[in-house]
Amino acid sequence: MLPKDLNNRTLLPWSQDQSAIRPTKELVNRTFLQWTRHPFNIRPTVKITQPNNTCSDHKMNKQIIQQLKYRHSSPIVVPKYKLIFFWSEKSACTYWKRLLQFIQGINKTILHDPRSGLKTLNMFNNCKIMDMMNNEQWLKAAFVREPRERILSSYLDKGQHRHVMNEVCKINRTLSFNEFLEIIKHCKNGHWDKQFRAPEYFYKQMMVRKFSEISSYTERLLKRIGAWNEKVQNWLKSSKQIYQPHATNAKSKLVTYYNDTKSQDLIFDLFSDDYKVFGFDRTYFK
């Protein structure tokens with residue numbers, strides 16, 4: 001029970017009489033008193049942030065991450081248009097790099113080098129890669145070439161040159177095409193690695209087209225990301241800009257080099273993933 005004098009005292013509301021509070025000097029300091037007078041102005045001294053679960057939300061193991069960051073041909077990232085472009089050597093890569101430079105306003109002649117100004121997926125940390133690859137706002141696109149045609153082009157451009165094979169595979173002699181096919185089983189290089197570079201389920205959601213569709217695909221892709229305009233069209237019409245310094249005209253030579261089923265079966269086996277995922281025809285050349 002309260003003392004009699006306290007029972008008869010009217011308790012003032014907090015907002016009406018702050019002066020009624022008389023804290024002792026030992027218990028409450030002047031700073032605390034200021035806080036109690038203005039309870040709604042209290043600001044915590046430490047900013048509390050919610051944990052970022054972006055990475056943990058995406059189920060992607062380290063092997064997949066490394067596959068996506070493969071250094072020889074890491075996909076090109078175009079932040080301005082939210083595009084991730086999967087390219088491959090000997091699949092018009094010079095054309096695509098020049099085009100992706102142009103639509104971003106990158107005025108550099110260097111292409112096959114980090115100094116090209118192009119961003120690639122392996123420049124981002126694992127968390128950002130997972131976020132972009134699982135974000136539907138980012139368009140994923142791929143451009144591929146029939147493996148027999150692509151490997152023949154690799155041979156004509158690289159494999160038949162002694163100095164190139166000596167540097168890449170430590171083989172200091174001129175190779176026949178069939179010898180080249182045997183060597184690439186063990187000597188890895190971006191010019192003849194498979195084009196299948198991501199888990200299969202990613203390709204089901206990608207905008208994928210083949211070498212024979214390069215003109216129509218260019219227009220469709222740029223329209224999709226909002227980069228198709230008169231300036232780009234004029235650039236594409238310039239033969240100087242899209243000149244292919246490594247073109248080998250391999251398509252016209254397919255029957256000459258693939259003159260038996262053995263060499264074609266070897267390609268079907270080495271690049272079985274490419275044939276399966278991209279739907280290439282396995283019919284023998286005649």
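Accessible areas come from the Shrake-Rupley method with a 1.4 Å probe, and for residues only the protein chains shown count as cover. On that basis the protein exposes about 18100 Å², of which carbon and sulfur atoms supply 50%. The model is predicted: local features need pLDDT of at least 70, side-chain atom pairs count only at pLDDT 80 or more, and totals for chains, interfaces and linings use all residues. Residues are numbered from 1 along each chain as its sequence is written, and side-chain values use heavy atoms, with hydrogens and water left out.

**Fold and burial**
- The protein has 15 helices and 5 strands, taken as DSSP runs numbered from the N terminus (helices H or I, at least four residues; strands E, at least two).
- Of its 286 residues, 40% count as buried (under 20% relative accessible area; exposed is over 50%, partly exposed in between).

**Aromatic pairs**
- Rings of Phe, Tyr and Trp (its six-membered ring) pair if their centres lie within 6.5 Å; planes under 30 degrees apart are stacked, over 60 edge-to-face, the rest tilted.
- This rule gives 22 aromatic pairs.
- One of them, F177 with Y258, is edge-to-face, at 5.2 Å centre to centre and 90° between the planes.
- F177 lies in helix α9 (residues 177–183) and Y258 in the loop between α13 (254–257) and α14 (261–270), so the pair ties together parts 81 residues apart in sequence.
- F177 is buried at 6% relative accessible area, and Y258 is buried at 1%.
- Ring pairs also link F86, F196, Y203, F268, Y275, F278, F280 and Y284 into a cluster.

Key: Buried means under 20% relative accessible area, exposed over 50%, partly exposed in between (1.4 Å probe, protein chains only).
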